[in-house]
Amino acid sequence: MTDAQSRAEFVARYSFPIDRFQTEAFDALDRGEHVVVAVPTGSGKTVVAEYGVDQARRAGKRAFYTAPVKALSNQKFRDLVAIYGDDEVGLLTGDNSINGDAPIVVMTTEVLRNMIYGRSRLLHDLGLVVLDEVHFLQDSYRGPVWEEVMIHLPQHVRLVCLSATVSNVDELADWISTVRGPTASIVERQRPVRLDNEYLVADKTNGRLRMLPVFVSGHVNRDAVQLDESGVRGRTGGPRDRRRTRGGDQGSGRKVLAPPSRVETVELLESRGLLPAIFFIFSRAQCDAAAKSCVDAGLHLTTGDERAAISSIIEARLGGLDDADLQVLGYHQFVTQLESGIAAHHAGMVPPMKEVVEACFVEGLIKVVFATETLAVGINMPARTVVIEKLTKFTGEHHERLTPGQYTQLTGRAGRRGIDELGTAVVLWSPWVRFDEVAELAGSSSFHLRSAFHPTYNMAANLIRTYSSDEAHHLLNLSFAQYQADRDVVRLEARLERRRTALGDLREQAHSELGDIDEYRRLRDDEHAEHTAGRDVRRRAVTDALAALRPGVVVHIAKGTYRGAAAVVATAHRKTGLRATLITKSAKSIYATAEDFDDPPLPVGTVTLPAQCAPNRKEYRNDVARRLRAVKLSPGASSKRTRRDPDMPGAAQHPVARDPDLRTKLAAAAKADRIENEIADLERRVSGKNLSLAKEFDRVLDVLTTYGYIDRPTWTLTEAGEMLARTFHESDLLVTEVVRSGLLDGLDPADLAALVSMLVYEHRSSDTPPAPWFSSDEVRRRARRLSAVSEDLRASERAVGLGEHRAPDPTFAAIAHAWVAGEGFAEVVGEEELTGGDFVRTTKQLIDLLRQLAIVAPDPGTRRAAATAAEQAFRGVVADSSAAAPSAHDDQAG
């Protein structure tokens, strides 16, 4: 069969026409070149991978398809099985080993790296490797694996690298050409489905939701700019904002803007035909709260037939789990939400539940998914609309803005090819991000791929095991990191100079003749932080006090232009909460909610109301106003402020507060802060480039020499070094040091699992972890010694200037012991502050390390105990979460 006939037969598989970029990639593969494909999400880049796989099979060669996450590996496995059949396709992940000798094998990137270092026989007839989501090479921990694979694969193996749209794809292709041979750079910047960027604002001034396009005719929407600039910033449209509208703000037409609520956002999207939608919220707890709030608000987005189909999927995927386990996992709430067409999706959920959400969403059965950003990576879940609640996210240490690449990744889910003519990305108004920043992010195409490559202890051991010293140093110099360092220093220095000039200009613009503007900003920030801490407590007190008010009670209120006494004439419960109707001394009606008071409203007098309550009638209001003017109020009450000034006592008294250009100068100071952070980042990158990878490699070798893992003069591994070369873990050297110290010897499987969990788990919550628990004083003593081994190693790393490994964490030890000892999932998780998803993920990581110890540990008893512990841990919800889930279609068919 000719190449043209083979291609025609391949293309006939697809119901859609082949795009230009796909044809260009086919041509490059036909020429025997490597290809790097960088196209928007949903464009069909996997078609190029499938063409390469098809080519390799026709040539009698093996093909590997690698993916960064297990969920994506499972999905690709199912896709390829559907094309080639069960016998032709295998799956190798940390969880599954299915038909590993097959001609086509799907695997995680780490599995392929380990095969290369282990000199697997499966590499002998390998013809092609697909590296999906290759932009992961910038990940600080996992990124080096991608470069290790590309550098160390046999030269005859061709690469198909698939990436999101990156601005320096040519640089990546040039590097691969340097390392491996001719490489075609295939780029498509046009999305398969056009994207509209929208800006959604709750205008509390008139009680409207306003959705405005970010761009009009290719330019920033001036109406959106004007709306945003007309709003009071610093809060979300609460009482403090309203107070600020008095005086100058009110007279100048300032508006009270707020982020739309999640419920009203979903209702708006439904009314405009913009569902299904993915609603990105960068908090697991808030994803759950959002889904619950929609159901509690009475949203129902499914038909009877859809609910029946949802039930079938739930039963097929979760039917095998114990009832007690399901109860701990919040099964009832989960099902209630799904049946309403609403779901959460985040890493705190166990994989089977996430898979149910994915299957239902792909089939169009659920209409809104509240998800963390992890959903933007990997699995194919397109929607008509993507909503981004905030453009900032908390990293665990601080808040940071989304990058253009992250924004592109999130909004890439908007628009379903072949279904939607238009995708919609909606960003919600925020008091902390101005509209011009939203427009800048939405209009940016900058996603610069940067290597995170650095030598690790395991990498060093395998280089010594395989290559000479000169060859090892040469291979490090072939890394993308070294390639970028040599080319980018001048460019970084030039950018630094430009940013330093801009910083000087902005600091000059921010200067106030009246005083230190930074001191003023610090005072204001401190007051805001103090306010935020007490806001919830005050709000509850205000709500309680408002509910206690009875008709005839007189209180003081400051709302709009009115400030003074008013008589309560009626109260009523509304959807937004309790609302009181008050009459002022000037016979005006005021409607007040808890949002209109910073402090609980206290009675300052009472009036006798007319018999017939009719606040809408002028005569009634005049009568109440007359009685109010005649009543004697509590002494000093007329001057009492119900509302607290946000700028008292500190910021408002600062001289800078009187600067007539204060708003402009504050904006310049804030922008200067951002540029200062950018400069610091650029300076770190430049300083890093001045230290070559070879020197860092030599420091790694210094540590390995000190600890007896290598014989530097003869360039050979010791027995300990051979164990290190077969240990693949984030803290690889600490693992082998703990094994060598004998701390894991002579333990039963449960105690062994407890100690090993210290090398796996990391407590990331801001809450204080519980006191560690161990089954005996002996195991506790070993845990202390394990921590001492770690501290000695960290000291050695500090001494030579290497980054320190993560310290051991005993928080999970009691859970690991209980699980391996046979306790049930409901008992283990129900008693701990741990989500089901975190338990499953940590336990699978523990199992992976125990399985490695069952191979590399020198002591036979330790090997047996590790194998037994891994076997006993792989059960129940953990084993069920490790299965290669069937497709949504299979679920419904079953």
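In which loop is the place of Glu-133? Glu-133 sits in the loop between E6 and H6. Helices (H or I, at least four residues) and strands (E, at least two) are DSSP runs, numbered from the N terminus.

This is a predicted model, in which local features need pLDDT of at least 70, side-chain atom pairs count only at pLDDT 80 or more, and totals for chains, interfaces and linings use all residues. Residues are numbered from 1 along each chain as its sequence is written, and side-chain values use heavy atoms, with hydrogens and water left out.

## Backbone details

Glu-133 has a positive phi of about 55°, although it is not a glycine. Glu-133 counts as buried, at 7% relative accessibility. Here, buried means under 20% relative accessible area, exposed over 50%, and partly exposed in between (1.4 Å probe, protein chains only).

Arg-119 has a phi near 55°, again a positive value in a residue other than glycine. Arg-119 lies in the loop between helix H5 (109-117) and E6. Arg-119 is exposed, with a relative accessible area of 53%.

The peptide bond from Leu-275 to Pro-276 is cis, with omega near 5°. Pro-276 belongs to the loop between helix H10 (262-271) and strand E14 (277-280).

## Helix H5

Of the 9 residues of H5, 8 are buried, so the helix is largely enclosed by the rest of the structure. The buried residues include Thr-109, Glu-110, Val-111 and Leu-112. Arg-113, Met-115, Ile-116 and Tyr-117 are buried too. Their cover includes strand E2 (62-67), strand E3 (89-92) and strand E5 (104-108). E6, H6 and helix H18 (457-466) also belong to this cover. Just after H5 comes the positive phi of Arg-119.

## Strand E7

Strand E7 covers residues 158-163. Because 6 of its 6 residues are buried, E7 is largely enclosed by the rest of the structure. Arg-158, Val-160 and Leu-162 point one way from E7. Leu-159, Cys-161 and Ser-163 point the other way.

Two strands pair with E7; a pair needs at least two bridges found by DSSP. The table sets out both pairings.

| Strand | Residues | Bridges to E7 | Direction | Bridge partners |
|---|---|---|---|---|
| E1 | residues 34-38 | 4 bridges | parallel | Val-35 with Val-160 |
| E6 | residues 126-131 | 4 bridges | parallel | Val-130 with Val-160 |

From E6 the chain crosses through helix H6 (residues 143-152) to E7, and this β-α-β crossover is right-handed. Right-handed means that, with the strands pointing away from the viewer, the path from the first strand over the helix to the second runs clockwise.

## The second largest pocket

The second largest pocket has a volume of about 790 Å³. It has 30 lining residues, and the closest to its centre are Arg-189, Arg-191, Leu-195, Asn-197 and Ala-442. Strand E9 (194-203), helix H16 (404-411) and helix H17 (435-443) each give two or more residues to the lining. H16 gives the most, with 6 residues. The lining divides into 11 nonpolar, 14 polar and 5 charged residues.

A pocket is an open set of points on a 1 Å grid over the protein atoms alone, where a 1.4 Å probe fits, with protein on both sides within 12 Å along at least five of seven lines; lining residues have an atom within 4 Å of a point. A volume is the space filled by probe spheres set on the points. Ala, Val, Leu, Ile, Met, Phe, Trp, Tyr, Cys and Pro count as nonpolar, Asp, Glu, Lys and Arg as charged, and the others, Gly among them, as polar.

Terms used
Contact means heavy atoms within 4.5 Å.
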